[in-house]
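Me: Please go through the packing and the annotated position of the structure shown here, one question at a time.

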Amino acid sequence: MSGKNEVSFDPKEHQHLRYNPLRDTWVLVSAHRMKRPWAGQVEKPPEEHIPRYDPRNPLCPGNTRANGEVNSDYDSTFVFENDFPALQPDAPDPGSDQHPLFQSKAARGACKVMCFHPWSDITLPLMEKHEVVKVIDKWVGLVEELGTTYPWVQIFENKGAMMGCSNPHPHCQVWASNFLPNEPALSDRCQRAYYQKHGEPMLLQYARQEAEKKERVVVESSDWLAVVPYWATWPYQTLLLPRRHVLRINDLTTEEREGLADIMKRLLTKYDNLFEISFPYSMGWHGAPTGPHLKEDNSHWQLHAHYYPPLLRSATVKKFMVGYEMLAQEQRDLTPEQAAEKLRNLPEEHYKSRHNQEKGRGNEKEDGGK
């Protein structure tokens, strides 16, 4: 028998669990916690006055890096071997005679750094669309090159000092490994199980459902969809998906690459406009495994990109993954629907462009009044 004062469920007010089918895990959603006062750590705002060229910056064109190598005088994208690689192609094998509690395996690979642009004072949302297309084309080339040998090629970008980026110059990294890392291995298992049960790629079906519901869509186009996923952990986390079935980034058509450049600029502009700063995040691409897996049936896979931004309340207050998150399970402080609505309603004109236009109009008024 139900009580007279039974309260109906409101996801914005009542804690609940949400299932992440990509990781076979659950996240605790506790949106009411946003009401609590904040007396914790406040981050330093990101540096806005970055010189276009710095002779001491090892990523700028023509400059010398730590290992003595000199960068080319590049005017577009620029790729070089990481001077401090986490993976090298010739590491020795630890051997197989091991106790089950003390196991190790050989880890080999290649690590590359890719500069997006010759200027240090620019980011992807402020680059021209044709310049972003060149970045995507270079990603495609690296996956094709490294993917002929290595089972996994991880493209990732850490943007902002808050995410551990040690250099403000616009760049990403590409690590190729002779093993399938934990996250893609888990994603592979979950997508495969879903495909076997439902006969359709999980994320292809998910994109269609989200496009119909609209409540978590941030930006969309005829070929692409960016949403705050139903199971998001980070406050303003997004998932970028192609609308058709695509296994790997090098399977994209020319039109889809151009569409990707456009939707990336739109999404990242909204990120920057949220708190009117250069928005920090970690992002990365996940697609079907490569190397020996190229000969296998990977129909269960769908290409996608994850964006994980740490900011929660403002430009200086971030979400900390500690305590309960580390010892029990992931927890978030606002619903994905609330986050998507905030991002969706932001303008697609970058705040810096708007400020420059306002400054220009102000100067015109001053000149006219003289």
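**Core packing and the annotated site**

Reply: In this predicted model, W139 touches M114, F116, I155, C172, I249, M264 and W285, not counting residues up to four places away in sequence.

Me: Which residues of the largest nonpolar core touch the most other members?
Reply: The largest nonpolar core holds 58 residues. A second, separate core has 14 residues, including L22, M202, A211 and V227. Within the largest core, the residues that touch the most other members are W139, L240, W285 and Y307.

Me: Is H171 buried or exposed?
Reply: UniProt, in an unreviewed entry, places the feature "active site" at H171. The residue lies in strand β6, which covers residues 171–177. Buried means under 20% relative accessible area. Because the relative accessible area of H171 is 13%, H171 is buried.

Me: Which backbone oxygen does the side chain of H171 reach?
Reply: Leaving out residues up to four places away in sequence, H171 touches L59, V113, M114, C115, F116, E157 and C165. A polar contact requires a pair of N or O atoms within 3.5 Å. At 2.6 Å, the side chain of H171 reaches the backbone oxygen of H169.

Me: What is the relative accessible area of S30?
Reply: S30 is in the loop between β2 (25–29) and β3 (78–81). Leaving aside neighbours within four places in sequence, S30 is in contact with Q15, Q331, R332 and D333. The cut-off for a buried residue is under 20%. S30 is therefore buried, as its relative accessible area is 5%.

Terms used
Residues numbered from 1 in each chain as written. Predicted model: local features only at pLDDT ≥ 70, side-chain atom pairs only at ≥ 80, totals over all residues. Heavy atoms only, no water. Core = buried A, V, L, I, M, F, W, Y, C linked by side-chain atoms within 4.5 Å. Buried < 20%, exposed > 50% of the residue type's maximum accessible area, 1.4 Å probe, protein only. Contact = heavy atoms within 4.5 Å. UniProt positions renumbered as here; feature names shortened; annotations may be inferred. Helix = DSSP H or I, 4+ residues; strand = E, 2+ residues; numbered from the N terminus. Polar contact = N/O pair within 3.5 Å; in protein donor to acceptor, adjacent residues only side chain to side chain.
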